[in-house]
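This report goes through the structure shown below, from a single residue to the contact between chains.

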Amino acid sequence: MAEIIVVTSGKGGVGKTTTSAAIGSGLAMRGHRTVIIDFDVGLRNLDLIMGCERRVVYDFVNVLNKEANLNQALIKDKRNDKLFILPASQTRDKDALTQEGVQEILSELAETFDYIICDSPAGIEKGAQMALYYADQAIVVTNPEVSSVRDSDRILGILQSKSLRAETAAEPVKEHLLLTRYNPQRVEEGEMLSIADVEDILAIPLLGVIPESEAVLKASNQGEPVIFDESADAGQAYSDAVARLLGESVELRFVEAGKKGFLKRLLGAN
Amino acid sequence: MSEICLQLKGSVITTFILELYHYSTSEFTQQLKDKINQAPAFFEQSPVVISLEKLENDPLETDLTELVSICRQYKLQPMAFRCEDARFIPLIAKTGLVHLPVNASRASIKEEVDLSGSADIQTPPVQNSVSKNSVQADQRDSPELRKNKIISRPVRSGQQVYAEGADLIILSQVSEGAEVLADGNIHVYGTLRGRALAGVKGDTSARVFCKRLEAELISIAGHFMLSDSLREKVWEQSAQVFLDQQTLQVEAL
């Protein structure tokens with residue numbers, strides 16, 4: 001049985017798709033057969049981040065409407081043969097999704113995959129609710145600022161009340177907090193919420209902290225998930241998060257403001 | 001064809017009990033006046049049940065009609081007398097008010113237990129103490145035990161939890177943007193960041209307790225306070241909020 005993991009946030013632009021791509025790739029790199037589904041029908045992005053935009057022929061909605069079968073729509077990643085993408089449709093909207101259709105596709109995927117990553121659209125409406133409905137686990141992507149934290153809190157409420165597990169009173173969806181765009185320097189200066197602040201407000205276990213990094217933007221533009229960039233701090237932080245997702249205990253990195261370099265001190269730069 | 005134009009429903013009404021120990025016109029007038037002057041608006045047009053159970057006077061020497069008119073003079077609304085002594089009954093009839101037997105509440109409890117068909121009916125000593133309490137207390141809460149609603153997970157932004165006719169107990173936090181309501185008290189064994197409204201049906205004795213107060217709003221029986229005002233009293237520590245003479249009191253615990 002595959003584990004269904006939704007990557008969600010409520011707020012837009014916090015790094016859901018970047019995270020879906022990185023976590024999905026990370027799981028595949030560790031040998032797990034993984035598929036990432038783009039639920040953002042109408043605003044397809046995952047294919048770009050994964051660098052497979054030119055290979056999209058059929059999409060999620062085509063499969064849902066039986067215009068294509070799953071094998072035709074799934075795109076195998078060029079870097080890792082255990083990694084697959086199911087792209088969203090760019091020409092349709094969220095109303096194209098139906099609960100039965102989504103369930104059918106998920107159960108078919110569950111037969112052959114170990115992990116199904118659902119990349120949720122922003123918001124709390126139908127698209128986001130579809131993405132999280134069948135989830136076993138949820139990665140809640142949050143930026144260290146108040147509006148993102150509040151939206152994450154809202155989506156946690158929806159996970160508790162509107163997921164299949166909530167409706168059937170099964171074991172609740174396992175929640176993970178992933179703090180992205182974290183800048184220790186700015187936290188020290190009091191411009192950004194700290195890890196402790198966010199943990200205190202959301203009260204769910206921390207999966208990882210991804211530092212704010214130029215590598216992320218570069219990776220997005222090049223269509224190469226940042227986790228493949230082993231020299232980047234963000235890539236390493238995502239690897240740590242994947243390890244924790246698989247139950248390993250790894251210490252947090254990149255959460256302290258860096259010491260000023262010798263030259264900087266010499267030049268008196270503040 | 002005819003639509004239903006009335007319905008008979010059971011209900012519990014909150015009233016004041018005016019308990020009389022001894023009665024003389026001047027003494028009663030003075031003391032009632034003093035009492036009401038402490039919070040004139042609070043008592044205005046309040047329904048009142050006058051209890052004669054502890055009255056030491058001889059029934060035949062007590063002018064109940066005068067008593068009622070003094071009450072009305074101070075803007076109370078006497079609606080019934082409660083007593084055991086049968087000698088009062090014709091006097092009460094003269095005032096036009098209702099006579100309530102003392103053991104009414106006990107009888108109703110018994111009846112409820114019987115109706116529910118439950119196997120073990122409460123033992124008499126327990127019943128006695130229940131009804132005694134209900135007589136002595138100021139009758140704000142009903143003699144039946146209040147039920148509780150227990151929530152063990154965080155109440156998140158956008159969620160609303162209501163404990164109807166009950167106390168609400170939350171073993172976790174209440175997030176900003178969440179709303180918790182109860183007809184009775186609210187206990188939050190975590191940080192209270194959202195809105196908490198206790199006594200929403202008007203129970204002025206309801207209270208809010210929390211382990212850490214950072215609430216957006218706290219309301220008791222419609223009297224509310226926003227975070228700005230709360231901040232000036234007790235903030236980021238355990239606290240209780242209750243109503244005292246129509247003013248919200250915030251106290252650290």
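Which residues does A:N62 touch, not counting residues up to four places away in sequence?

## A:N62 and its surroundings

The model is predicted. In it, A:N62 touches A:V57, A:E67 and A:A68, leaving aside residues up to four places away in sequence. With A:E67 there is a polar contact of 2.6 Å between the two side chains.

A:N62 is part of helix α3 of chain A, which covers residues 60-64. Its relative accessibility is 15%, and because buried means under 20%, A:N62 counts as buried.

## Nonpolar cores

The largest nonpolar core has 53 residues. Those that touch the most other members are A:F39, A:F60, A:L86, A:V102, A:L109 and A:I116. For A:L86, the residues touched include A:V35, A:I36, A:I37, A:F60, A:L70, A:I105 and A:L109, again without counting residues up to four places away in sequence. A:D38 is also among the residues that A:L86 touches.

In soluble globular proteins, nonpolar side chains tend to be buried together.

## Helix α7 of chain A

Helix α7 of chain A runs over residues 146-162, 17 residues in total. From its first C-alpha to its last it reaches 24 Å, close to the 24 Å expected at 1.5 Å a residue.

## Interface of chain A and chain B

In the contact between the chains, 14 residues of chain A meet 11 residues of chain B. The two chains bury about 1100 Å² between them, with 33% of it on carbon and sulfur atoms. A:R150, A:D153 and A:Q160 supply 46% of the area that chain A buries against chain B, more than any other three residues.

The rule finds 4 salt bridges across this interface. B:R153 and A:E175 meet through their side chains in a salt bridge, at 3.5 Å from N to O. Between chain A and chain B, 9 residue pairs are in polar contact, both residues being at pLDDT 80 or more. On the side of chain A that touches chain B, α7 and α10 each supply at least two residues. The largest share of that side, 7 residues, comes from α7(A).

How values were computed. Residues are numbered from 1 along each chain as its sequence is written. Chains are lettered from A and ligands numbered from 1 in the order in which they are written. This is a predicted model: local features need pLDDT of at least 70, side-chain atom pairs count only at pLDDT 80 or more; totals for chains, interfaces and linings use all residues. Side-chain values use heavy atoms; hydrogens and water are left out. Helices (H or I, at least four residues) and strands (E, at least two) are DSSP runs, numbered from the N terminus. The expected span of a helix is 1.5 Å times one less than its number of residues. A nonpolar core is a set of buried Ala, Val, Leu, Ile, Met, Phe, Trp, Tyr and Cys residues joined through side-chain atoms within 4.5 Å. Buried means under 20% relative accessible area, exposed over 50%, partly exposed in between (1.4 Å probe, protein chains only). Contact means heavy atoms within 4.5 Å. Buried area is the accessible area (1.4 Å probe) that two parts lose on being put together, summed over both. A polar contact is a pair of N or O atoms within 3.5 Å; within protein, one must be able to donate a hydrogen and the other to accept it, and residues adjacent in sequence count only if both atoms are side-chain atoms.
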